[in-house]
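Here are my notes for you, written as numbered points. Keep the model open while you read, and look up each residue as it comes along.

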Amino acid sequence: FRRPRRRGATTGPRRFRLPAIGGSLKSIVAALREAFANDGIRRLGISWMLGVEADAALTVVLLVTAFNRGGILAAGLMGAVRYIPAIIAGMLAGTMVKRFRGDRFLVALGLIRALAAAGTAFTIATAGTTMDEKQVTIVLLFVWAAVAAGAGAPVRPTQITLMPAIARSPRELVAANTVWTTGEGLGAFVGPFVAGALMAINLHSWVAGLAAVAFLLTAIISA
C-alpha cells in the first residue's frame, strides 16, 4: 500500500535559489552616480582611493625592502614603526581638524605623504650593499614609514568632518559612504597588485615613486 502524501509535501529534492545580486549592483551604481554628481564628494572620493592605493603599495615595498635588508626582525619592526605614529596622529586628529581648515589640512597631509614616499624611493634607489649601508637604509626607511603613516592617519577623520558641509542632502551623505567603501576596496587591491608587479621585475624604487605621485595628486585634488 502507498502511504498517502501529505498536503504541501514535495516529492523531489529541494531547490535553493541563489540570492539575486543584480539589485544590489544597481543600487551601488546608483549611489555612486548620485555621489559623483557632487563635485566635492567626487574629489574626496578620488582622493581617498588614490591615498589608499598609494599607502598600500608603499607599505608592501617598505616591508619587502626591510625584510631583504634586515630579515624578519626588520620587517616586524617596520610594522610597529608604521602603526605607533599613526595611532598618535589619529588621537590628535580631532584637535588638528578644529585648528586648521579641512581642505588646507588635507593638502598639507598629501604633500607630507608625497615627500615621505619620494624619500623612500630615493633611499631604495641609492641603497648600498655593505652591512653599514644596509643598516643606514633600514633606519631611513623606518623614518619615512613613520612620517607617511603619521600623515595618513588624520586623512579619514578630516574628510568625515568635511562631508556634511559638502553633501547637499542626507541621501548624498549616505551615498558618499558607498564612494568611500568602493574606493577603499579598489585602492587596497590595485596598490599591492601594482607593487608586486613592479617588484617582480626589480623596480622597487618605482613603487615608492608612483606612490609619491599618487599622494601628490591627492593634495592637488583636495586643493
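1. Let's start with Arg82. Setting aside neighbours within four places in sequence, Arg82 is in contact with Asp55, Thr59, Leu62, Ala145 and Ala149 (contact means heavy atoms within 4.5 Å). Arg82 sits in helix H2, and it counts as buried because its relative accessible area is 10%. The cut-offs are under 20% for buried, over 50% for exposed and partly exposed in between, with a 1.4 Å probe and protein chains only.

2. A word on where this comes from. This is a predicted model, in which local features need pLDDT of at least 70 and side-chain atom pairs count only at pLDDT 80 or more, while totals for chains, interfaces and linings use all residues. Residues are numbered from 1 along each chain as its sequence is written, and side-chain values use heavy atoms, with hydrogens and water left out.

3. Now the overall picture. The protein has seven helices and zero strands, giving the pattern α-α-α-α-α-α-α along the sequence. Both are DSSP runs numbered from the N terminus (helices are H or I with at least four residues, strands are E with at least two). Of the 223 residues, 37% count as buried. Take the contacts with a separation of 6 or more: 82% of them come from residues 24 or more positions apart.

4. Which residues have the most contacts inside the largest nonpolar core? They are Leu58, Met78, Val207 and Phe215, in a core of 27 residues. Helices H2 (39-99), H3 (102-125), H4 (131-152), H6 (170-200) and H7 (204-222) each give two or more residues to this core, and the largest share, eight residues, comes from H2. Apart from it lies another core, of 16 residues, with Trp48, Val52, Leu106 and Leu109 among them. A nonpolar core here is a set of buried Ala, Val, Leu, Ile, Met, Phe, Trp, Tyr and Cys residues joined through side-chain atoms within 4.5 Å.

5. Met78 deserves a click. Leaving out neighbours within four places in sequence, Met78 is in contact with Leu62, Leu63, Ala66, Leu141, Phe142 and Ala145. Of these, Leu141, Phe142 and Ala145 are among the buried residues of H4.

6. At 1.5 Å a residue, the 31 residues of H6 should span 45 Å, and its end C-alpha atoms are 46 Å apart, which agrees. For H4, the 22 residues should span 32 Å, and the ends are 31 Å apart, which agrees too. The expected span is 1.5 Å times one less than the number of residues.

7. Staying with H6, its buried residues include Trp180, Gly183, Gly187 and Gly191. The C-alpha atoms of Thr178 and Val29 are 9.3 Å apart, although 149 residues separate them along the chain. After H6 comes Asn202, with a positive phi near 65°.

8. Next, the largest pocket, which holds about 340 Å³ of space. Of its 14 lining residues, the closest to its centre are Asp55, Arg82, Arg113, Gly152 and Ala153. H2 gives the largest share of the lining, seven residues. By class, the lining has seven nonpolar, two polar and five charged residues. Ala, Val, Leu, Ile, Met, Phe, Trp, Tyr, Cys and Pro count as nonpolar, Asp, Glu, Lys and Arg as charged, and the others, Gly among them, as polar.

9. On a 1 Å grid over the protein atoms alone, a cavity is a set of points where a 1.4 Å probe fits but cannot get out; a pocket is an open set with protein on both sides within 12 Å along at least five of seven lines, and lining residues have an atom within 4 Å of a point. Grid points are joined across faces, edges and corners, and a volume is the space filled by probe spheres set on the points.

10. Finally, Ser222, one of the residues lining the largest cavity. Ser222 lies in H7 and is buried, with a relative accessible area of 10%.
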